[in-house]
Structure formats: structure tokens, C-alpha cells
Amino acid sequence: MSLSQLSKSVRSSATLKLTAKFAVLKQQGEPVIHLGGGEPVSKAPAAAVKEAVDLISTGEVRYSPVSGVPDLKKAIIGYTENFYHRTVEPKNVMAASGAKHVIMVALQAILDPGDEVIFPVPYWVSYPDM
């Protein structure tokens, strides 16, 4: 089996390299501040953890819709209306594991080899490879 040209063109993650370098320096006792990949510093909300445990305990765990479960999409719509004063339709809302993945999939869906993409500076370190 061989890898596709697309997969061969993807370079190592600059974010992961930075995170690894930070871990080494921290272990060595260096005074470093990590400005790489973001990880939450707070714990998950207790109510969300309980609900997840309760659901898993039922054994009724199924695949969710690709764009997100309806209740989560409703919550996103409510947040968008409350904080940004914008009304969006559920068909225009997607709940995913992270923005980088969503952006990469969207770009793969709409771009062809040779297309030009312009993005503003500053930008996330992954954008050029994406």
C-alpha cells in the first residue's frame, strides 16, 4: 500500500513540535511560557461530565449526525444570537471536534490543485500546509 500525494505533502505539525520543545524545556527546569496549541486550563463542567457518564452507562451510544446533534446545534444558535446578535439556521451550523479539522475538510471540498488561497496575517501556523 502506498500513501496518496496529498498525505505525502503534509509536513510535521509546527504546533506539535513547539509543544514537544516546551515539554523538554519545562522538564529541564527552564522558565518557559507555552504559547503553542491551546489546551483547556479549566475542568469540564460537572453537569456535562455527569450527562456523558449517564449516557455511556445506558449502553445506548450511537454515532451522531456529522454536523452535530440537534440539541448542541440549538445551543450554538442560542450562543450566537445572545453574544453576536446574529440569527443562523440549523442547516448552517456545524459542531465539530475543532476548527482546524473543519477548515481542512472545507478546503479539500472546494479547492483544486493550483487554486490560490489568500489568508490574513497573523494566521495559525497550520494554514499554509492546509
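The legends below accompany several close-up views of a predicted model.

In this predicted model, local features are described at pLDDT of at least 70 and side-chain atom pairs at pLDDT 80 or more, while totals for chains, interfaces and linings use all residues. Residues are numbered from 1 along each chain as its sequence is written, and side-chain values use heavy atoms, with hydrogens and water left out.

View 1. Lysine 73 belongs to helix 4, which covers residues 70–84; helices here are DSSP runs of H or I with at least four residues, numbered from the N terminus. A polar atom of the lysine 73 side chain does, however, lie 3.0 Å from the backbone oxygen of proline 90. When its neighbours within four places in sequence are set aside, lysine 73 is in contact (heavy atoms within 4.5 Å) with Ser67, Gly68, Pro90 and Val93.

View 2. The 15 residues of helix 4 should span 21 Å at 1.5 Å a residue, and its end C-alpha atoms are 20 Å apart, which agrees; the expected span is 1.5 Å times one less than the number of residues. Which residues of helix 4 are buried? They are Lys73, Ile77 and Thr80. These residues cover an arc of only 60 degrees around the axis, which puts them on the same side of helix 4, the arc being that of the directions from the helix axis to the C-beta atoms. An α-helix has 3.6 residues a turn, so residues three or four places apart point the same way. The face turned away from the buried side of helix 4 carries the exposed residues Asp71, Lys74, Asn82 and Phe83.

**View 3. Threonine 80 and histidine 85 around the end of helix 4.** Threonine 80 is found in helix 4 and, at 18% relative accessibility, counts as buried. Apart from neighbours within four places in sequence, the residues in contact with threonine 80 are His85, Arg86 and Val88. Histidine 85 follows helix 4, in the loop between helix 4 and helix 5, and is exposed, with a relative accessible area of 66%. Its phi is near 55 degrees, a positive value in a residue other than glycine. Most residues other than glycine have a negative phi, and most peptide bonds are trans.

**View 4. Salt bridges of the model.** How many salt bridges does a search of the whole structure find? The search finds two. In one of them, aspartate 54 pairs with lysine 50, with the closest N and O atoms 2.6 Å apart. Both residues lie in helix 3 (residues 46–58), four residues apart, about one turn of the helix. Aspartate 54 is partly exposed at a relative accessible area of 38%, whereas lysine 50 is exposed at 54%. A salt bridge also joins the side chains of arginine 62 and glutamate 60, at 3.2 Å from N to O, and arginine 62 is exposed, with a relative accessible area of 60%.

View 5. Helix 3 has 13 residues and reaches 19 Å from its first C-alpha to its last, close to the 18 Å expected at 1.5 Å a residue. Just after helix 3, glycine 59 takes a positive phi of about 80 degrees. Proline 31 sits in the loop between helix 2 (14–27) and helix 3, where proline 31 is exposed, with a relative accessible area of 77%. The C-alpha atoms of proline 31 and serine 57 are separated by 43 Å, these residues being 26 residues apart along the chain.

View 6. Valine 102 has its place in helix 5 and is partly exposed, with a relative accessible area of 27%. Not counting residues up to four places away in sequence, valine 102 touches Met94 and Ala96.

Terms used. Helix = DSSP H or I, 4+ residues; strand = E, 2+ residues; numbered from the N terminus. Polar contact = N/O pair within 3.5 Å; in protein donor to acceptor, adjacent residues only side chain to side chain. Buried < 20%, exposed > 50% of the residue type's maximum accessible area, 1.4 Å probe, protein only. Salt bridge = Lys/Arg side-chain N within 4 Å of Asp/Glu carboxyl O.
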